[in-house]
Amino acid sequence: LVAAGGVAEASAPAATLTQDELNAIADVAISRWMDALGEDARLGALGGLRFAVTDLPGAELAREEGGTITLDADAAGYGWFVDTTPYDSSEFALRTDDDVLTATGGSAAFGAMDLLTAVAHEIGHALGFGHDDGLAVMRDELAPGVRYEVDAGTAAAKPAPAPSAPAFDAFAGYGGAGTHAGIDWQA
């Protein structure tokens, strides 16, 4: 996920995101995906997720690689909007599209990057969603003061990826000893 306007031209340094802030928002984002997907098998990917704060290059806000979701410490210079009431999006008073909310000038979210959106976006990648899947939260850019919601109807409607063929085990063949449905013993 990258900042829509590139790196912010900082007049003052943005506050640095803490691991505790990230963990609290990650819990909410995971809950939203669980609500959206219900009993979907893709949710199994949530169990091994790890979250970290670091300095990412340029306008990069966040990334997911190998089950680790990394957030830029200062949101590419914009600063993060860390929502203290994440189940209430009242800081984003304008609905500009079905699943797109925008903050107005008097809001604490105005001019900052929405941490909840960034975390939910990267969790979406961990679940197998891509930028072209039609979900607002999976757009590849985020503008300051914008929140993308996880749309339960659209997310649940996208089918889970087809399971891959079982790996060949030289000692047991396909699907023999050493394999178990749903577990990749070679991972």
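Trainee: In strand 10, which residue is the bridge partner of L101?

Mentor: R147 is the bridge partner of L101. Keep in mind that this is a predicted model.

Trainee: How do strands pair in a sheet, parallel or antiparallel?

Mentor: Strands of a sheet pair through backbone hydrogen bonds, and either sense can occur. Now the case here. Strand 7, residues 100–102, pairs with strand 10 in the antiparallel sense. Three bridges join strand 7 and strand 10.

Trainee: What is the order of the strands in this open sheet?

Mentor: The order is 6-7-10, three strands with antiparallel pairing. Strand 6 (94–97) and strand 10 (146–148) are the edge strands. Each of these two pairs on one side only. On average, neighbouring strands of this sheet are turned by 30 degrees against each other, direction ignored.

Trainee: How many helices and strands does the chain have?

Mentor: The chain has three helices and twelve strands.

Trainee: Next, the core. Where do nonpolar side chains tend to be in soluble globular proteins?

Mentor: They tend to be buried together. In this chain of 187 residues, 43% count as buried. The largest nonpolar core has 43 residues. W33, F51, L61, L71, W80, V119 and I123 have the most contacts inside this core.

Trainee: Which elements give two or more residues to this core?

Mentor: Helix 1 (19–37), strand 4 (68–72), helix 2 (115–126) and strand 10 do. Helix 1 gives the most, with nine residues. Another core lies apart from this one and has six residues, among them F92, L101, A103 and A109.

Trainee: What is L61 in contact with, leaving aside its neighbours within four places in sequence?

Mentor: The list includes L1, V2, A3, L71, W80, M113 and L142. Now look at the whole chain. Take the contacts with a separation of 6 or more: residues 24 or more positions apart account for 65% of them.

Trainee: How many aromatic pairs does the structure hold?

Mentor: Two. One of them joins F81 and F92.

Trainee: Why is the pair of F81 and F92 edge-to-face?

Mentor: Check the planes of the two rings. Planes over 60 degrees apart count as edge-to-face. The planes of F81 and F92 are at 75 degrees, so the pair is edge-to-face. The ring centres are 5.7 Å apart.

Trainee: Where in the chain are F81 and F92?

Mentor: F81 is in strand 5 (residues 80–81), while F92 is in the loop between strand 5 and strand 6. The two are eleven residues apart.

Trainee: Are F81 and F92 buried or exposed?

Mentor: Both are buried.

Notes
Residues are numbered from 1 along each chain as its sequence is written. This is a predicted model: local features need pLDDT of at least 70, side-chain atom pairs count only at pLDDT 80 or more; totals for chains, interfaces and linings use all residues. Side-chain values use heavy atoms; hydrogens and water are left out. Two strands pair if DSSP finds at least two bridges between them. Helices (H or I, at least four residues) and strands (E, at least two) are DSSP runs, numbered from the N terminus. Axes are lines fitted to C-alpha atoms, for helices over the stretch in contact, and angles run from 0 to 180 degrees between N-to-C directions. A nonpolar core is a set of buried Ala, Val, Leu, Ile, Met, Phe, Trp, Tyr and Cys residues joined through side-chain atoms within 4.5 Å. Buried means under 20% relative accessible area, exposed over 50%, partly exposed in between (1.4 Å probe, protein chains only). Contact means heavy atoms within 4.5 Å. Rings of Phe, Tyr and Trp (its six-membered ring) pair if their centres lie within 6.5 Å; planes under 30 degrees apart count as stacked, over 60 as edge-to-face and the rest as tilted.
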